[in-house]
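Subject: Structure handover

Hello,

Here is the structure I said I would pass on. Please look through it first; my notes come after it.

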Amino acid sequence: MLKTRKTNSDFDGTALSLGSDIRESNQHYTRMLCVIFALLVMLGLMNLYSATDGNSFFYSQIRNAALGIGLFFTFGWLIAPRTLNTYAYWIFGFVCTLLAIVLVIGDVAGGSQRWIEFAGFRGQPSELAKVTAALVTARFFYTNKLRAAYKLSDLWLLAGMIGLIFALIFPQPDLGTAGICVLISVSQIAFVQVDRKSIIIVASTGLVLLIIAWFGLFHDYQKLRILNLFNPALDPGGSGYHSLQSLVAVGSGQIMGKGFMQGTQTQLQFLPERHTDFIFSVFAEEHGFAGAFLTFVLFGAMSYVALEIARQAKDSFTSLLGIGLTAFLFLEFVINASMVLGMFPVVGIPLPLFSYGGSAYLSVCIALGSLISIDRENLGLFRRVKPFGALASKFANKTLRG
Amino acid sequence: MKKIFRRESVVVENRFFWASVVLVGMTSILILRLWFVQVYRGEYYRRISENNRIRKIEIPSPRGIILDRYGQVLLGNRPFFDLAYIPQYVKDKETTFKVLSRLLHVPIATFEKRLQLSAGQPKFLPINLKRNLSIHEVSTVQSNRVFLPGIDISVAPRRDYQPDTPAHLLGYLGEINKSKLEELNRHNNENPYMMGDLIGKQGIEARWEPHLRGKRGYRMIQVDAFGRQSHLFDRDRWNLPEVAAIPGDDIILTIDAELQKTTVDAFRGKYGAVVVMNPKNGQILSIVSEPGFDPSIYQVGLSGEEWRALLSDPYHPFLDKTTGGEFPPGSTYKAVVALAALEEKVVDPQSRFFCPGHFTTGNQVFHCHIREGHGQVNMREALMRSCDVYFYRVGVELGVDRIAKYARALGLGQRLGLPLNMERPGLVPTTAWKKLTHRLPWAPGETPPIAIGQGYNLVTPIQLASLYATIANGGSIWKPQIVNKVVSHVGKLILEESPQLIRTVPYISPATYAAVREGLESVVMDEQGTGKRARVEGVRIAGKTGSVQVVSLKKNHNQRDVSMKWKEHAMFAAFAPVEDPEIVVAVVSENDSIGGGGASAAPIAGKILNQYWRLKKQRTPVAAAAAAAQTVREAEDSSNAEDPEDKQRL
């Protein structure tokens, strides 16, 4: 099969004419995302209040939410997707630098080196890496368009970039975050045509690496967490304690829950990591199946709308960025919920907008904002308003491409 | 290979369809799982979460108090401190034990053993690592509790043993063992025993265990993940049940504490038993078995070595000798032979025999205890001076079976049924018995020793007391009674025991009793009597001494040189006052070093009798007041009884 490479400019001309045929009037996606975002922010803050008994964590999260909402609007209405496209590799470089700095001089907390402090701000660059992985993958396929199926040889640059992110996060150690970055990228690749032989090669090497990793790279606590998944009752006082107490918290909520601030597992501190990884157990315990079901529906709907936005996107970059951000939000939700429900090993994946943590909160807001900007781009709103994002894009086109 | 590429994008259109399938599918799985955990299994997890936060604290019930007949406390309770180990909340067993071992100077192995004993019980239940901590130990542990999660100090009311507590009478407590626990709990689900519970092992504590133990209470408390009590959510729906412990019932004995004290003091240093009884109803006033043991050591727990020492003691400190010790009655048995002889008209009270100091039957010669002989003696003198030859002759004429007939009629050779500790029946030998057990015919030479209470004869101290009570009251055999009343902790009468007449002795006429009583009185009251050391001023006392040769000794052998094991048993049984007997004392002193019954046992009885009359004089006004109170109470009762009628009238 002949491989045909085309430049970006080949597509640019046709994009406009084709777009209007397929497009429907779907401005309500923006509205829906805003409503879901608002609901989740409120539920998340309310729940964190209960989980932390209204201590400083809660007020710190209020500040995070304020910043996050600001970023949500900035990325949604001011920065056009093509600006992100333009600066994708710069952003990648910036985040990788931050990750490298973390590895060298980062703060250690809870046995992991994940934080850096700069000018009074304390952040976790690995959270930003998730969005960066989506961005860089989208940009890669935008730059390297193939009509034919991609082969392994075509993807080495992408593999190298994602591998770098993984390599910088994994030694913190943080298998969960490193893994989710790879998963986001893999979800995006799943939407493009990849050579079957390459898939088999990658899959088999992956398997071999996994086996090597199990015996060589994984820490004992990581192995234990995976093993505990199969039988949390095996050692309830030890490593299975988290899973078991989480299940007990969720299950004991029953249908209507124990009531706000009335969760015994939470308030009497039987539930570990109440304000971070196991925040949803708190919610499920206090609001029961009724509340937890509603939240699951909200997350599901958010992901579905995000996927729809990606489907409506006109070019490779917006489409793949939309897919990547959808994958980011949905994977975090699914993995965290599975973990809370005892279906997945305990990995440090926060629940978007619920878990305490500034960087994670901001990353989610950026992701949701960007999805809105993609929707607005789909609707052609950025053209009419000509915000500085669009201006910046033009400027970038002129300067970078000559 | 044709694929529909979407517009200018590299994205494959149909992948979106699969993506939505995955998205909806995974969300549905999560919702299903959520339903399973919260709705289907919700009840189960709710229970676990309740178990997490609710801890049941057992409240031990104080055991019932044991009182004497006048309400004086014989055995009460006071609070003790224990070291409790709550497995659920212990973070690191090794470190905890190491710290505790250093603080309390107890080897780690002891703790480990305690833990093993309680293996298998729920993890929130505390395990006693060490009982009865001193105040110093309590404060040491308390000040280090930060380093000892899961370690607690618990307070429990426990037996407060005073010095000279009559160990065999009251008994002791011991930790229940696993098999006993299962056995007792099989039919008792309402108030089950638990590991670590103390139960009565002897005496009143064991016999009245079901009444004394009371009913355990409990309290539900809410705890947080670190085992600390929490008062969160104190609203109506979290109201936690609390059930107070019900103290055990109090047991009021027939014992007179003051007399008991005197008895213990009088018998101090001797081995054997003393029983003091009221011949009119069989109520026991004081009872001692020596050597005793310290019942408090069981609350602390004994080491194996201490156990072995106690068990291998040749005088069997655990044996209650009042009912479980069998002794040859010696000369105290002569009263029985005298009764039989008079009733069978073998002799009459005035018949005289000559005592040359020895008695020959067949080719055997039996000596009197005075080698020179007593000369001419009648029944009264024979009893008074304890002439053996007189009774040899009477006994031979009666024959062993006729003696046995009267002995059995008087209650010997059978259990009297004192509900306290293991009781032995004693032994009244007959020809039939010998044939059955020894497969030999009765030899004529065996009868004379029987007539003076030696040979095969065996009686227990309680039988000896009962025998003299029967002689004193003229033929009634009362069942020995030790418990008067059982009263609940609020004073409600639960059970009252009344004196029980086993039977009236057949065959023996009142005149016969009177004649023997006359002889027995002279034993104490006559200047020549062997029991004159039991005298109490102003009281007519009757009794009989006895000295039992354990092995025959050469006449001029100095008894003080003989090892304990081979010394004489000194016996004395007495009742008083002769005109209307109200107290019987039986003293059995094993291997006594001082001498026979007259020299050693009689003074002990004398001290007890003396105290009895001293107390009686003291108590008379009190008794009068009590009687007055009784009439007032009866008046109140009758007025209460009239109440319903009054109401009806209204």
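What follows is a summary of what was found, chain by chain and then at the contact between the chains.

Please keep in mind throughout that this is a predicted model.

**Chain A overall**

Chain A has 402 residues, of which 50% are buried. Its secondary structure comes to 16 helices and three strands. Of the contacts in chain A between residues at least 6 apart in sequence, 73% join residues at least 24 apart.

**The sheet in chain A**

The three strands form an open sheet in the order 1-2-3, with antiparallel pairing. Strand 1 (107-109) and strand 3 (121-123) of chain A are the edge strands, each pairing on one side only. From one strand to the next, the twist averages 35°. Strand 1 of chain A is joined to strand 2 (residues 112-118) of chain A by three bridges. Within this antiparallel pair, A:Val108 stands opposite A:Gln113 of strand 2.

Helix 7 (residues 175-189) and helix 13 (residues 316-340) of chain A have axes that come within 8 Å and cross at roughly 135°. That angle makes helix 7 of chain A oblique to helix 13 of chain A. The crossing of helix 7 and helix 13 of chain A is right-handed. On the helix 7 side of chain A, the contact is made by A:Ile180, A:Leu183, A:Ile184, A:Ser187 and A:Gln188. Helix 13 of chain A contributes residues including A:Leu320, A:Ile323, A:Gly324 and A:Phe328. By class, the residues of this contact between helix 7 and helix 13 of chain A are eight nonpolar, three polar and one charged.

The other pair is helix 10 (residues 241-252) and helix 12 (residues 279-312) of chain A, which pack at an angle of about 30° with their axes 6 Å apart. Helix 10 of chain A is therefore roughly parallel to helix 12 of chain A. Here A:Ser246, A:Ala249, A:Val250 and A:Ser252 of helix 10 meet A:Ser281, A:Ala284 and A:Glu285 of helix 12. The contact of helix 10 with helix 12 of chain A has three nonpolar, three polar and one charged residues.

**Backbone points in chain A**

Most residues other than glycine have a negative phi, and most peptide bonds are trans. Two residues of chain A are listed against that background.

- A:Asp53 has a positive phi, near 60°. A:Asp53 lies in the loop between helix 2 (28-52) and helix 3 (56-78) of chain A. With 15 other C-beta atoms within 10 Å, A:Asp53 is partly exposed.
- A:Leu353 has a positive phi, near 70°. A:Leu353 is in the loop between helix 13 and helix 14 (358-378) of chain A. A:Leu353 is buried, with 31 other C-beta atoms within 10 Å.

**Chain B overall**

Chain B has 650 residues, and buried residues make up 41% of them. There are 22 helices and 23 strands in chain B. Of the contacts in chain B with a separation of 6 or more, 75% are between residues 24 or more positions apart.

Strand 11 (residues 271-277) and strand 12 of chain B run antiparallel and are joined by six bridges. B:Met277 stands opposite B:Ile284 in strand 12 of chain B. The two strands form a hairpin with six residues between them, and B:Gly282 in the turn has a positive phi of about 80°. Seven of the seven residues of strand 12 (residues 284-290) of chain B are buried, so this strand is largely enclosed by the rest of the structure.

The peptide bond joining B:Glu290 and B:Pro291 is cis, with omega about -5°. B:Pro291 is found in the loop between strand 12 and helix 11 (297-300) of chain B. Another cis peptide bond runs from B:Ala576 to B:Pro577, with omega near -15°. B:Pro577 is in the loop between strand 22 (569-576) and strand 23 (583-590) of chain B.

**Where the chains meet**

The contact takes 50 residues from chain A and 37 residues from chain B. On the chain B side, helix 1 (15-40) and helix 2 (42-53) each supply at least two residues. Helix 1 of chain B gives the most to that side, with 15 residues. The residues of the side of chain B that touches chain A divide into 20 nonpolar, eight polar and nine charged.

Regards

Terms used:
Residues are numbered from 1 along each chain as its sequence is written. Chains are lettered from A and ligands numbered from 1 in the order in which they are written. This is a predicted model: local features need pLDDT of at least 70, side-chain atom pairs count only at pLDDT 80 or more; totals for chains, interfaces and linings use all residues. Axes are lines fitted to C-alpha atoms, for helices over the stretch in contact, and angles run from 0 to 180 degrees between N-to-C directions. Helices (H or I, at least four residues) and strands (E, at least two) are DSSP runs, numbered from the N terminus. Angles under 35 degrees count as roughly parallel, over 145 as roughly antiparallel, 65 to 115 as roughly perpendicular and the rest as oblique. A crossing is left-handed if the near helix is turned anticlockwise from the far one by less than a right angle, and right-handed if clockwise. Two residues are in contact if their C-beta atoms, placed from the backbone, lie within 7 Å. Ala, Val, Leu, Ile, Met, Phe, Trp, Tyr, Cys and Pro count as nonpolar, Asp, Glu, Lys and Arg as charged, and the others, Gly among them, as polar. Two strands pair if DSSP finds at least two bridges between them. A residue is buried if 20 or more other C-beta atoms lie within 10 Å of its own, exposed if 12 or fewer, and partly exposed in between; C-beta atoms are placed from the backbone.
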